[in-house]
Structures are given as C-alpha cells and as structure tokens.
Amino acid sequence: MKLIERNDYLDKIIGVIGTPDIKVITGVRRSGKSKLLEAFRSYVVSNIPNANIIHINFNLPEFDNLTEYRPLYDYINAAYKEGIDNFVMIDEIQMCNGFEKAINGLHASEKYDIYITGSNAFLLSSDLATLFTGRTFEIKVYPFSFAEYIKYFEYTDLYSAFDRYINEGGMSGSYVYKEQESKYDYIADVFNTLIVRDIRKKYKIRNMALMDRLVDFLMDNISNLTSARTIADTFNSNKDKINHKTIGSYIQYLCNAFAFYKVPRYDIKGKKYLSSTVKYYLSDHSFRYAKLGTKNMDYGRVLENIIAIELLRRGYEVYVGVLYKKEIDFVAIKRDEKIYIQVSDNISDEKTFQREVSPLLAIQDAYPKILIARTRHPMYQYEGVKIIDFSDWLTK
C-alpha cells in the first residue's frame, strides 16, 4: 500500500519528544494510527543517535507472550539501556490485560519516553486521566483530509479531485481497491468491526438490533438537529419501547469510539451554549455510503460533514450557530479566533445564494464570515463575506 507523510500529525509528536507526558494516539479505527507510530519510529532512528527503541506491536504473533501487564512490564525493563534515550512505543495496547498498570509503572520510573496507540473503545479520551496517573498528551488522528487525498493520488485538478473525494472519502485503506463497490465493502467492514467487536465488547451491549437502527438513523440524519429524546420518540412511534437514556448511552458509545462527533449549538447573540438539541457528524462521510448506499445521496449533508470534520482536524471547537431564528452552519473557535461558516452545494441560483448568505450578514461582530460552496471559481467577497470553493478552502 502506498504511504504518504502525514506531517501535521508527525510534527505534533516530534514536538513533545522528551516531555514527561504519556503520548496517546487516538482516532477512529483504520485512520492511520499504527502507520503514524511507525513513521515516528523511523524519525527517531534517523534523527536521535543511539536511541533505544522498544517497539511492541500487539498485532504481531511474536508479542503474544506479553498480553498480561506483568510480562509486558518486565520485558520493557529488561530492554532498558542506561545512559541513552529510551523510547517505548506500543501499538494496540488494549490487547494487554491490565495495560494501564504496566504503563503507570513505567511512567513512574521516569526512565522512558512513552507512546501508545489502541482501540478507541478501550482507550477513550474521557478515560485517559483515570487510566493513567501521569499526564497524557493526546494526538487525535482523523481519516485522510482532502489535502492528503490529492497528495496520495497526485491530482492536479482540484475541482474534479474533490468530486472523487466526495464519493471515496478519507479511509485510505479502501484506496487499493479499484472497484467502487469493493471500496465500500472494505469501509463497511471497518465500521462493522468498530461497532460489533470494539463497542459491543467494551460495553457488553445486548440489543445490537437497536444499535444498528440507531447507527442508520444517525447516518441518515447527519447535519440535522436531534436529541436522544427525539430519537427515542421516533423509534417508539413504531410501537417500540425504547428509553431515551438507553439511546443517549448508545450515542455516547459511538462518539467515544470516534464513529460520530457531537456538535452542540451556540447562541451567537447571547454568547452561550445551548444543550437541548445537537448535530452529529460521521468521522468519515464514506461510512454513510458504505452502510446506506448511494441511491439517495444528499450532497448538502455530505458536504457539511466534510467541513465539520476538517474544522475538528484543524483544532477548532465546533458549534452550530443560532442567531434569532437563523442558523449558521458552523461557529469555529480556537482561543481568540472565531469564524462563521455557511456550507452550500450550489449557490448559482440567486434565491439560494441570498438564503445562505443572509444569516452571515445578520451577524454584527467583526469576526471572519465565509460561505463555502462548489463555485469552481477563485475566492471573491460579497459585502464582507468570503465566497470560496470547497477544494480551495480544504487545501489552504
């Protein structure tokens, strides 16, 4: 399989070399965590003379004898070398029973620079502080961005490349398959493994039929405002008896495993967060095609999903904006930076254009306002609002 350098992620890891943190690489299954750890290992070999690298990949049979925490702990200590930098790199750490005991013991010794990856159902962002007594530094890995997609395929025509990216998505493991159907088979298998093996095992879910229905519902309703209660009411209208608390728990499991991301609402005028309803977006839009098919594709929802994940990828806090009765697709916040974004498939019709731009024009503050659409033209401005094509915004 062809590999490309994912420098944004690699630079983040390189930037924390030598810090006392436990470095934890997280992200949805098959998003490239293991390859990133391998790339980092290669960097250390090439740039840090005499480094001692203790690399354990639990996907390989030669490490089957280390699947209990004590043998793992003893193995690493036996490989320690005095007087040089000792790096511990462990892939699929959750395959070791009681792994947190081994990692905490190694960290307490202050002899190792520790880097780990693992299945997200077993290595949750919310659990890191509980699992590990030392401070953790999380590197969040996402499926391929559009910029990485064009780098992988060496495309030069951004507009046509974006049309392909809409259909193929960012799960790079699917790129080796020539037929679109085979690509979707691979992507569906990745998602099903995430649900069946990881989440079911972690949370001991018995009602998998309900989980499957919930997944289909969330996929079909990406970019729609919803809540656990409204989903339960929808299901119960079919004479089911489903508690909204169960729905809420199942959604949280899906978000914990990075299958979906929750985007809450933000009152722009009142400058406060709203909790009644939220939106959910898939970690990669190709999961929707692989699970639900492409017959009734809603490009507007898919395009909004792509922008939501790209904003998260770029490190923004992401919210749905509310201004009076108008909705702004995204309010993206990063420290003192704030951006208002509307997303539209096609703004060639004047009525559509005015509908999309009017919520942005109603905002009174001076933060940047952007309308992202498939214009296939260079960026221009309309009354202070930047109008920019998807492919241009995603690559800059």
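Contact denotes heavy atoms within 4.5 Å, and helices (H or I, at least four residues) are DSSP runs numbered from the N terminus. The views show a predicted model, in which local features need pLDDT of at least 70 and side-chain atom pairs count only at pLDDT 80 or more, whereas totals for chains, interfaces and linings use all residues. Residues are numbered from 1 along each chain as its sequence is written, and side-chain values use heavy atoms, with hydrogens and water left out.

**View 1. Helix α7 and its packing partners.** The buried residues of α7 (158-168) are A161, F162, Y165, I166 and E168; buried means under 20% relative accessible area, with a 1.4 Å probe and protein chains only. These residues pack against α6, α8 (180-203), α12 (286-292), α13 (299-313) and α15. At the start of α7, the backbone nitrogen of Y159 lies within 3.2 Å of a side-chain oxygen of D157. Just after the helix, G169 adopts a positive phi of about 75°.

**View 2. Helix α6 and its buried residues.** Helix α6 spans residues 146-153, and its buried members are F146, E148, Y149, I150 and Y152. They pack against α1 (7-14), α7 and α15.

**View 3. S391 in helix α15.** S391 belongs to helix α15, which covers residues 390-394. Because its relative accessibility is 0%, S391 counts as buried. Its side chain forms a polar contact of 2.5 Å with that of D389; a polar contact is a pair of N or O atoms within 3.5 Å, where within protein one must be able to donate a hydrogen and the other to accept it, and residues adjacent in sequence count only if both atoms are side-chain atoms. Leaving aside residues up to four places away in sequence, S391 touches F146, L158, Y159 and F162.

**View 4. The crossing of helices α10 and α11.** Helix α10 (residues 228-236) packs on helix α11 (residues 244-256) at an angle of about 120°, and the two axes are 8 Å apart. This angle makes α10 oblique to α11, oblique being what remains after under 35 degrees (roughly parallel), over 145 (roughly antiparallel) and 65 to 115 (roughly perpendicular). From α10, A228, R229, I231, A232 and F235 meet H244, I247, G248 and I251 of α11. By class, this contact of α10 with α11 comprises 6 nonpolar, 2 polar and 1 charged residues; Ala, Val, Leu, Ile, Met, Phe, Trp, Tyr, Cys and Pro count as nonpolar, Asp, Glu, Lys and Arg as charged, and the others, Gly among them, as polar.

How values were computed: Helices (H or I, at least four residues) and strands (E, at least two) are DSSP runs, numbered from the N terminus. Buried means under 20% relative accessible area, exposed over 50%, partly exposed in between (1.4 Å probe, protein chains only). Axes are lines fitted to C-alpha atoms, for helices over the stretch in contact, and angles run from 0 to 180 degrees between N-to-C directions.
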